[in-house]
Amino acid sequence: MKTSLTINGTEHQLDADSRTTLLDALRNHLDLTGTKKGCDHGQCGACTLIVNGRRINSCLSLACMHDGDEITTIEGLGQPGNLSDLQDAFVKHDGFQCGYCTPGQICSATAMLQEVKDGWPSHVSADLTGDVDLTNAEISERMSGNLCRCAAYPNIVDAIRETAEGRK
Ligand code: FES
Ligand code: FES
């Protein structure tokens with residue numbers, strides 16, 4: 001099945017079985033291996049990427065459903081020598097150990113910070129709007145879809161909070 005995907009600003013023509021997930025399309029057909037496969041059924045968040053501004057688990061979505069979509073992967077957020085502020089903060093705060101969950105954490109947090117800016121509520125703070133002072137509890141709640149087997153959670157939260165504060 002032919003599908004047109006714009007990934008990190010570049011258009012790709014995918015020709016793959018209609019059952020191919022977006023995650024497998026990236027990793028196995030387009031050689032974009034930054035997005036990781038953990039559980040492959042929507043439980044760990046390792047495969048998180050950003051589609052049309054929203055974070056999704058790419059293991060749960062078929063590539064053919066994304067014809068014409070704008071997709072951002074970890075490769076599109078920054079490169080060595082030109083990291084995003086959030087990526088820099090992960091380095092500074094040791095927001096990883098093995099690093100396997102890190103691309104998903106960073107894609108998820110990138111979209112999450114935009115959700116906060118856009119005033120999306122969470123279960124912790126039901127009426128957030130605009131300039132939000134992100135507490136650790138708030139960040140943990142909003143990042144609860146991304147698991148880290150190395151339990152680098154405190155450092156991940158520190159990195160995200162510092163990034164949010166730096167963008168004020
Ligand atoms: Fe997609 Fe775990 S690999 S949620
Ligand atoms: Fe190892 Fe998160 S750094 S799983």
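Predicted model: local features only at pLDDT ≥ 70, side-chain atom pairs only at ≥ 80, totals over all residues.
Student: What does Ser-108 touch, beyond residues up to four places away in sequence?

Tutor: Leaving those out, Ser-108 touches Gly-45, Thr-48, Arg-55, Met-143, Gly-145 and Asn-146. Contact here requires C-beta atoms within 7 Å.

Student: And how far apart are Ser-108 and Arg-149?

Tutor: They are 41 residues apart in sequence, and 16 Å apart in space from C-alpha to C-alpha.

Student: Now Asn-8. Is Asn-8 buried, exposed or partly exposed, and why?

Tutor: Asn-8 has 16 C-beta neighbours inside 10 Å. Buried needs 20 or more and exposed needs 12 or fewer, with partly exposed in between, so Asn-8 counts as partly exposed.

Student: What makes the phi of Asn-8 worth a remark?

Tutor: Most residues other than glycine have a negative phi. Asn-8 is not glycine, yet its phi is positive, near 50°. Asn-8 sits in the turn of a hairpin formed by β1 and β2, with 2 residues between the strands.

Student: How do you know that β1 and β2 pair?

Tutor: Pairing asks for at least two bridges between strands. β1 and β2 (residues 10-15) have 6 bridges, in the antiparallel sense, so they meet the requirement. Within this pairing, Ser-4 stands opposite Gln-13 in β2.

Student: Which label does Asp-40 get, and why?

Tutor: Asp-40 has 15 C-beta neighbours inside 10 Å, so Asp-40 counts as partly exposed. Asp-40 lies in the loop between α1 and β3, and has a positive phi of about 65° although it is not a glycine.

Student: Finally, what makes the largest nonpolar core lie where it does?

Tutor: That core has 37 residues, and those touching the most other members include Leu-86, Phe-90 and Ile-156. Elements giving two or more residues include β1 (2-7), α1 (22-29) and α6 (153-166), while α4 gives the most, with 6 residues. Domain 1 (2-77) and domain 2 (85-166) both give residues to the core, so it lies between them.

Student: What does Ile-156 touch, not counting residues up to four places away in sequence?

Tutor: Ile-156 touches Gly-95, Gln-105 and Cys-148.

Methods
Residues numbered from 1 in each chain as written. Chains lettered and ligands numbered in written order. Core = buried A, V, L, I, M, F, W, Y, C linked by C-beta atoms within 7 Å. Helix = DSSP H or I, 4+ residues; strand = E, 2+ residues; numbered from the N terminus. Domains from an automatic or database assignment. Contact = placed C-beta atoms within 7 Å.
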